[in-house]
Amino acid sequence: MTDQQTAITTDSGIPLDPVYYPDSVAPDLASRLGEPGHAPFTRGPYSTMYRERLWSMRQYAGYGSADDTNARFRYLLSQGQTALSVAFDLPTQLGFDSSAESVRAEVGRVGVAIDTVEDMETVFDGLPIDQLSVNFTINATAPIILAFYLVAAERQGAKMADVAGTLQNDILKEFLARKTFIFPPDHSIRLVTDVVEYASEHLPRFNGISITGYHAREAGCDAVQEIGLTMASAIAYTEAFMARGLDFDFFAPRLSFHFSSQLDLFEEACKVRAARRMWSKLATERFGAQKPNSARLRFFSGCSGATLTAQQPLNNVVRSTLQCLAAVLGGAQSIHVMGYDEALGIPTEESVRLALRTQQIIAHESGVARVIDPLAGSYFVERLTDDIEERAWQIVRDVADGGGLVDMLAAGIPQRWITESAYRYEREVASGERIKVGVNKFVSDDIAVPPLFEVDESAGDRQRQRLAERLARRDDVAARSALSELDAALRNGANSMPYIMDAGRAGATLGEIADTMRAVFGVYREPQPW
Amino acid sequence: MTGARRPRAKIILAKPGLDGHDRGIKVVGMALRDAGAEVVYLGLHQTAEQIVHAALAEDADVIGLSVLSGVHLDVSQELIKACHAAQLDDIAIVVGGTIPPADVTRLRQLGVRDVMPVGTAIDDVVDRILTLAAEETRP
């Protein structure tokens, strides 16, 4: 060892000692830990954790037309999956009908196409909504998708009190990293607030928002930035909801979170322990939470696509196993595991099954679910949890000093942090400083490509055909009248949700509803990256 | 890096279609800038007409597209058609992203000059784009 030797650090650059001792950990650990299910929730959001109920195994799926996705959901449930997660195609995410000329090639490509309430009914045909928990990865058009789902639930005869699941509905991270925004930030946040207010009033088992660090992480930021930016988002949303006049304890118990899980096993597990403690502090000290549940952070862990490699794709099975393990050690409430072939295309049925089996083996064979917060008390783990928290608070302060997340995003600053971090990572891989097995080390000539998912090119045509038939059958006057009432509600500041549901009931399409919003709100263009 | 003495390479980068995955294209843009090229990043949701318009206005040597949503064949075909209509036949078009191996050949058959699927090393991407740019600027 010499002083010149490069420091050994975590993936986010936190320096690591060779070995940790009792005095590596700051005094009064017990108060920083608390009990599982109690503030500051470091040890987990529930007192019994996986001993009473395993995490939800929630593989993200959706492609082609509504009946294709219905078939994949039935298959996943038959294989022991315990919750559903809907992927939407890009036209649906960006507010276009399948018939729009400019989006023809994108229909049904990366998710299911939803044009009308009837499409949503088809996706859940034969699947009882009041017995499911469903996650919707949808943001700019989240109010429309939720409205269509609720109307579909109503038509199945489900009670609103039984509708369970999570709507992603986190528009700030769209500006930050995921990039399926439509409207400018202020109007977008108004729609997010409409949904959260409506869900808090009518849907006791439904999470109206999932505040997400996942996409910033996938776009290139590190674990500390992921947690810091997520807390900055949570602050921005909470302030917006309270400005609407909503009481913190009214909506906070249903706030949910979404993090990535990458490959630095201990840092990933410690990261979410730190995040729970940070939200607990924010909720009680800053926002005056009275209900214990308002301070309890629950999260969905999406494993990481960005860490998977096109080279030697079977190696990704091992990477995903480590990521899932980190999420379990960190106490996730639901988990998605990537298909090993996702660097090459949409996952095949076989790779999705293997991803689900990965979760099941960790749950039922590894033994890690038997004890709550099993890493606690390790000198290293507790020190790393404290270090991550301290550094993430610095990011929260930096964002506050920059005028809050909304202003920072408008100036493009956090986007630049992410891009710079992504570039640094790529340079480290190029120089060999960061080893990627099969990419810059242990490279083999074996370039065998696994069988890949074949997109059904006819799905788009079938979807357009169905839409045309529905439009021909509907009462145009009723649809137009519902849209004009929505237009008025958007302009006068009323909660838009009931109006969007009425429009859905009257047969208005997702594209028509989004166009009504575009006419009132305008559209957003992002700042230059450099 | 090749070509230090030739005129500065000018590269247009764009995301066509609705896909928002822009990590790769931004990283490529930064690497090209570090290698001395002039980079114009047009951003998301660019139509073929917008890209051609920018390529003409900027007198670009290379157009780089990044597509991770599976529509690489459609958008490349549209761009090549639009370039042809604008008599911009000598510009090199390269495509990166989630491109299944079978589509690499199909893209080349359409007239795409180089294809860089996920997994292509960043230095390799830069070298290949700058080599194409050098061919375009050769008198």
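Predicted model: local features only at pLDDT ≥ 70, side-chain atom pairs only at ≥ 80, totals over all residues.
Local features are shown at pLDDT of at least 70 and side-chain atom pairs at pLDDT 80 or more, while totals for chains, interfaces and linings use all residues. Residues are numbered from 1 along each chain as its sequence is written, and chains are lettered from A and ligands numbered from 1 in the order in which they are written.

**View 1. Helices α9(A) and α11(A) pack at about 25 degrees**. Residues 223-243 make up α9 and residues 265-286 make up α11, with the axes 10 Å apart. Helices here are DSSP runs (H or I, at least four residues), numbered from the N terminus. The pair is therefore roughly parallel (angles under 35 degrees). From α9(A), Ile227(A) and Met231(A) are among the residues in contact, and α11(A) brings residues including Trp279(A) and Leu282(A); contact means C-beta atoms, placed from the backbone, within 7 Å. By type, that's 10 nonpolar, one polar and three charged (nonpolar: Ala, Val, Leu, Ile, Met, Phe, Trp, Tyr, Cys and Pro; charged: Asp, Glu, Lys and Arg; polar: the others, Gly among them).

**View 2. Chain A meets chain B**. Here 29 residues of chain A touch 25 of chain B. The largest share, five residues, belongs to α16(A). Sorted by type, the chain A side has 17 nonpolar, six polar and six charged residues.

**View 3. Val477(A) in helix α18**. This helix of chain A spans residues 476-492. Val477(A) counts as exposed because it has 9 C-beta neighbours inside 10 Å (exposed: 12 or fewer other C-beta atoms within 10 Å, placed from the backbone).

Technical notes
Helix = DSSP H or I, 4+ residues; strand = E, 2+ residues; numbered from the N terminus. Buried ≥ 20, exposed ≤ 12 C-beta atoms within 10 Å, placed from the backbone. Contact = placed C-beta atoms within 7 Å. Axes fitted to C-alpha atoms, helices over the stretch in contact; angles between N-to-C directions. Parallel < 35°, antiparallel > 145°, perpendicular 65-115°, else oblique.
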